[in-house]
Structure formats: structure tokens, C-alpha cells
Amino acid sequence: MTLRLVLAGAILLLALLPVLNRMPAESALHVSDFVVSVSGKWITYAVLALAIDLAWGYAGILSLGHGAFFALGGYAIGMHLMRLIGPRGVYGHPVLPDFMVFLGYQKLPWYWLGFDHFPFAILMAMAVPGLLALVVGYLAFRSRITGVYLSIITQALTYALMLAFFRNDMGFGGNNGFTDFKELLGMPLNTPNARSVLFYASLVLLVLSLWLCSVITRSKLGRVLVAIRDAESRVRFLGYDVTQHKLFVFVLSAVLAGLAGALYVPQVGIINPGEFSPGNSIEAVIWVAVGGRGTLVGALLGAFSVNALKTWLTTVAPDLWLFALGGLFVAVTLFLPRGLIGLFTKAPK
Amino acid sequence: MNAAASPAPAPQPLLYLDGVSVVFDGFKALNSLSLIVDPGELRAIIGPNGAGKTTMMDVITGKTRPTEGVVRFRDHDLTRLDEATIANLGIGRKFQKPTMFDALTVFENLELALKAPRGPVACLRWVLGGGDRARIAQTLEEVGLTARAHDRAGVLSHGQQQWLEIGMLLMQDPELLLVDEPVAGMTDQETEHTAALLVRIAGQRSVVVVEHDLEFVRALGSKVTVLCEGALLSEGSIDHVQNDPRVIEVYLGR
């Protein structure tokens with residue numbers, strides 16, 4: 001109960017940030033642009049952490065490729081942002097984004113059609129990760145690939161996508177990806193106004209995701225998922241089609257990750273194939289492990305605390321970050337198996 | 001046609017195994033095994049270690065595919081169905097080593113086993129009704145776990161876990177219960193109680209019990225099937241099989 005109050009308080013506090021940002025600079029309550037844009041980014045990370053926690057912490061599906069779903073969502077909105085640049089590119093082409101002009105494209109590839117419409121782009125930010133998760137999940141779960149084998153497959157998936165997106169002839173801007181975005185929904189990016197709107201959109205997504213995950217984990221479906229995590233074959237003998245349940249949660253998790261990516265990209269102003277790098281997916285799993293998997297609040301706590309540490313450490317001692325991340329993971333695994341949240345809550349009897 | 005003159009038609013068997021063999025890397029875990037279980041029948045299956053008892057259960061529940069042979073449940077060919085489908089046809093199984101969901105409470109374990117739509121969306125929308133609550137309460141009473149309903153299953157004693165497994169089996173409302181070593185780790189009193197419970201269940205449902213404890217099998221008072229090296233060795237009353245020289249040689253006499 002107190003945990004819920006703390007959570008509600010934290011969300012309210014977050015919601016205040018853009019307001020405090022508008023305070024005069026000399027005010028003691030003033031919050032810098034940096035804090036707002038960094039927190040907005042972390043909120044999308046927190047949604048990604050929730051998505052991973054739902055699949056891993058509850059259903060035992062340890063995906064080391066969730067960064068791919070996040071990046072695909074980001075690319076979908078990135079394509080929309082590129083289309084909105086219109087003739088304002090360096091080359092001034094009325095339709096084609098700069099990189100296409102540069103690479104000698106004559107016309108827009110067919111898979112770019114429709115991305116000039118915002119609703120279509122958002123739909124794709126959900127549908128592409130969702131469909132990919134559906135196909136990969138169906139093949140893996142039907143063949144009863146679990147545990148470390150599934151982790152390796154998802155890791156390979158994100159690595160393969162990274163290599164593919166690095167290629168210029170894929171039509172996604174090669175290693176430069178997309179950047180130089182101008183506007184979204186008629187609002188110029190990189191203004192305090194746009195920052196606030198994107199911040200609140202991310203916060204709304206976080207609250208909705210939290211609500212959805214909480215409804216699922218409190219339902220009988222949540223208990224079936226936990227049962228699958230702990231004794232998959234026993235669940236089959238009770239008559240549950242385990243493949244269906246795992247697919248349901250895996251696809252939903254991928255859709256959430258895609259939406260998080262779609263809100264991340266306009267805030268950071270760039271998307272490139274580096275977002276598919278396996279390290280990103282592993283880092284996101286570590287957030288959840290550090291915060292406490294199998295509890296929704298733990299996932300949020302992990303996403304915020306590890307990223308706070310990262311932001312601080314990469315400023316003061318950038319070379320140490322990966323060692324710190326690795327050390328943190330080992331330390332949490334050894335000494336805090338229930339994660340940071342375990343410090344504040346009693347172990348179940 | 002004189003109805004009295006024609007022999008009464010044999011009831012259709014509920015479970016029908018004929019010539020079932022399972023070969024693992026050249027080792028015959030089951031060797032042309034045949035077995036018929038009638039509706040409402042209680043059947044005990046005994047046999048030395050490695051006789052194929054658990055493999056037989058694996059074949060019936062879809063965990064292991066037979067190399068050859070017929071496995072039918074009513075009109076369904078079980079060799080072509082997966083575990084979940086077979087469970088939903090009405091075959092429940094209790095494993096030798098109790099496996100429940102340790103992180104969930106006793107009540108939640110029973111709720112998961114309760115016969116209800118099994119799909120993800122149905123589970124998401126599931127609301128526990130008063131009737132369901134009553135059924136779970138009744139089962140808790142039956143297996144003596146009412147006081148432990150809201151404890152996590154992982155903290156139960158071994159005997160209580162056996163009870164919970166039997167309870168989960170009852171919640172599934174199966175036509176055929178396959179019960180693997182139900183009284184391992186139970187006190188004499190608990191063993192007696194289990195025998196009485198299984199006898200009570202049989203009649204409405206068929207029950208196949210695999211057990212080493214001959215006193216327990218005697219308490220069941222049912223037909224006994226003796227397996228050895230994957231094949232049927234002897235079948236009949238407990239006295240009959242205990243006096244069968246072949247059974248004495250391979251099993252009881254040791």
C-alpha cells in the first residue's frame with residue numbers, strides 16, 4: 001500500500017517537471033531543459049523495462065532482443081518525421097529524404113508509403129514489433145525453445161536487424177539512420193513546448209502501460225504466466241495451451257516496447273542502427289534485474305536508478321560505465337536476488 | 001431377435017492401449033503393452049523400478065509418443081494430440097514428484113486447475129464466481145488443506161503437496177485420473193485417508209494408480225496390473241497377483 005503511494009507520488013513529481021521548467025531561471029524551483037529531456041527519455045526506458053518485466057519477470061521469457069522492438073517502433077516514427085521534413089532537406093527534394101537523394105533513389109520505396117500520416121506511423125510502431133514477435137515467438141514457443149536458447153535467438157535477432165539496418169540499400173538511411181527532424185503533429189521539435197508535450201505523452205504511456213500490466217498480472221492470466229515461468233510442463237498437463245499464453249504476453253510486450261521507442265526517437269532527435277545493438281537489449285534486462293523482476297514497480301525503479309547512475313558516471317568517468325554495469329549486475333544477482341525493490345518489501349512467505 | 005439371448009454388449013472401454021511400444025535408443029521402455037480401463041474403474045498398477053509405469057503415463061498424457069501401438073481415450077487417438085488437448089479431453093495426471101506452482105498459494109493452485117476456459121483472453125477476463133469458490137472450498141476440505149489455503153504451495157510439507165496435487169486433479173474434473181505414487185512420503189494415517197479418497201472418487205471417474213506400497217494397493221481393493229520390463233506380467237486381484245509365481249520371482253520375492 002505504501003509502495004503504491006510512493007509510486008503515485010513519484011509519478012506526480014515527474015509530472016511537475018515540465019511545469020518547474022517554465023519557472024524563471026533564477027527561481028530555486030527551476031528545473032533545467034536537460035533534466036526535462038533526460039527524464040522524458042528515461043520514462044520511455046521505464047516503459048521498455050515494464051515490457052521486459054512482463055515477459056521475463058512474470059512469464060519467464062528472457063528476451064535479450066527487446067531493444068529490437070524498441071528500435072523498430074523508433075524507426076516507424078522516424079520514417080514519419082523524415083517524411084514531414086518534405087522539401088526542407090539539404091537537397092530540397094519535394095518527396096525524398098536527403099539520404100535517398102544522396103543514394104540516387106528515383107522514387108520513394110513502397111514500404112515508405114503511408115508514413116506521411118501520423119496515425120499510420122503509430123500503427124506501424126505497434127504492428128511491426130508485434131508481428132515480428134508473433135512470428136519469432138510462434139516458431140520458438142511452438143518448438144518449446146525456452147531459457148538460454150530463447151535468449152540467444154532473440155539476441156541474434158536484434159544483431160541481424162542491426163546488420164540489416166546498417167545497409168544503405170535497405171532504405172532506412174544506413175549507418176546514419178534518421179535525424180534532423182523538423183516537426184511532429186505541426187509542432188516544431190526542440191522547443192520547450194514540444195519537449196513538454198512529448199514528456200507528457202511518455203508519462204501517459206507509462207501510466208497506461210503500468211495499468212495494463214497491473215491488470216494482467218493480477219488476473220488469472222498473470223497467475224498462469226507465473227505458473228508457466230515456474231513449471232511450464234505442469235501447466236500443459238492442466239490443459240493450458242502454453243504457446244498461446246506465451247505468445248500473448250510476448251506480442252503485447254513487443255508492442256509496448258515499440259510504443260516506447262516511438263516516443264523515445266522524437267525526444268532524442270535521432271534513430272540509427274546502433275539502437276539494435278545487442279548491448280542495448282542486455283542493458284535493459286539489467287535495469288529490470290537491478291530494480292527487481294516480477295514486480296512492476298521494480299522494473300520502473302531499475303530503469304530510473306540505473307540510468308541515473310549511467311548519466312552521472314558517463315559524465316565523470318565514461319570509461320568506467322561498462323565495468324560498473326557489469327559489476328552492478330553481478331552484485332545484484334549475488335546479494336539482491338529480488339533487486340532493489342527487495343530492500344523495501346518483505347519476501348513472500 | 002431375442003434380446004435375452006444375445007450377450008450384453010461390453011461397455012466401451014474408456015482407455016484402450018494395444019501393442020504399445022516405446023523405444024529409447026534401442027531400449028524398450030514399453031514392450032507391446034496392452035491395457036483396458038473401463039469407465040468408473042479403479043486400477044492399481046505395480047511393478048519393479050524400470051517396469052515402464054511412468055512411461056505408460058507419459059504415453060497416455062502425450063508427453064511421449066509411442067514407437068508403435070494404439071492408444072485411445074473414448075474415440076480419441078491420443079498418439080496424435082498434445083498434452084494440453086489431452087488434459088482438456090478429461091485426463092488428469094498427478095506426477096510422481098509433486099509439482100505445483102510454488103510461488104502461488106494453495107487456493108491459487110486449485111483455481112488454476114479448476115475446469116474453465118483455458119485461453120489467454122479468457123484467463124484475463126476470468127472472475128471467480130461463488131460456485132467456483134464453493135468448489136475450491138469443498139476440494140480444500142476433501143484434501144485437508146482448508147487451513148493452508150492462503151499459504152504458498154512451496155512451504156507445504158511433502159505429504160501436503162501430494163494432497164494438493166490430488167486436489168488439483170479433482171478441480172480439473174477429469175474422467176480419468178492417472179495418479180503416480182500418491183502416498184510416497186505420507187504417514188500411515190495419511191495413506192489410509194488417501195486410499196479412502198481414491199476409492200470414493202472411483203465410480204464417478206476412472207482412476208489408475210501407480211504405487212509401490214502394497215498395503216496401500218490392498219486397501220484400494222481393486223484389480224491389479226503388474227508390469228515388468230515394459231510388458232504386462234500379470235493381472236487380477238491383489239491375492240491373485242501376489243500368488244502368481246512369475247510376479248513373486250521378479251518383484252515380490254526379492
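Predicted model: local features only at pLDDT ≥ 70, side-chain atom pairs only at ≥ 80, totals over all residues.

Author: Let's start with a crossing: α10(A) and α11(A) cross in the right-handed sense. Right-handed here means that the near helix is turned clockwise from the far one by less than a right angle, and left-handed that it is turned anticlockwise. Residues are numbered from 1 along each chain as its sequence is written, and chains are lettered from A and ligands numbered from 1 in the order in which they are written.

Two packed helices are described by the angle between their axes and the distance between the axes. For α10 (278–291) and α11 (296–316) of chain A, the angle is about 115 degrees and the axes are 7 Å apart. Axes are lines fitted to C-alpha atoms, for helices over the stretch in contact, with angles from 0 to 180 degrees between N-to-C directions. On the α10(A) side, I286(A), W287(A), V288(A), V290(A) and G291(A) make the contact. They meet a run on α11(A) that includes G298(A), A299(A), L300(A), L301(A) and G302(A). Contact means that C-beta atoms, placed from the backbone, lie within 7 Å. By class the contact has 9 nonpolar and 4 polar residues, with no charged ones. The nonpolar class is Ala, Val, Leu, Ile, Met, Phe, Trp, Tyr, Cys and Pro, the charged class is Asp, Glu, Lys and Arg, and the others, Gly among them, are polar.

Now stay on α10(A) and look for its other partner, α2 (33–58) of chain A. The axes of α2(A) and α10(A) come within 9 Å and cross at roughly 75 degrees, so the two helices are roughly perpendicular. The cut-offs are 65 to 115 degrees for roughly perpendicular, under 35 for roughly parallel and over 145 for roughly antiparallel, with the rest oblique. From α2(A) come L48(A), A49(A), I52(A), D53(A), W56(A) and G57(A), which meet A284(A), V285(A), W287(A) and V288(A) of α10(A). That contact counts 8 nonpolar, 1 polar and 1 charged residues. Notice that W287(A) and V288(A) turn up in the contacts with α11(A) and with α2(A).

Elsewhere in chain A, α8 (220–237) and α9 (242–268) have axes that come within 10 Å and cross at roughly 155 degrees, which makes α8(A) roughly antiparallel to α9(A). This crossing is left-handed. V224(A), L225(A), I228(A), E232(A), V235(A) and R236(A) of α8(A) meet V242(A), H245(A), K246(A) and V249(A) of α9(A). The class count here is 6 nonpolar, 1 polar and 3 charged residues.

Next, across to the other chain. Chain B puts 24 residues in contact with 22 residues of chain A. On the chain B side, the elements giving two or more residues are α2 (83–89), α3 (106–113) and α4 (120–125). That side splits into 12 nonpolar, 5 polar and 7 charged residues.

Within chain B there is an open sheet of 6 strands, ordered β6-β7-β8-β3-β9-β10 with mixed pairing. Strands count as paired if DSSP finds at least two bridges between them. The edges are β6 (91–94) and β10 (231–236), each pairing on one side only, and the twist averages 20 degrees from one strand to the next. At one end, β9 (223–228) and β10 of chain B are antiparallel over 5 bridges, with C228(B) opposite A231(B). Two helices lie against this sheet. α1 (53–60) of chain B lies across β3, β6, β7, β8 and β9, at about 150 degrees to β7(B). α7 (188–201) of chain B touches β3, β7 and β8, its direction making about 150 degrees with that of β8(B).

F24(B) and F27(B) are bridge partners.

Terms used. Helix = DSSP H or I, 4+ residues; strand = E, 2+ residues; numbered from the N terminus.
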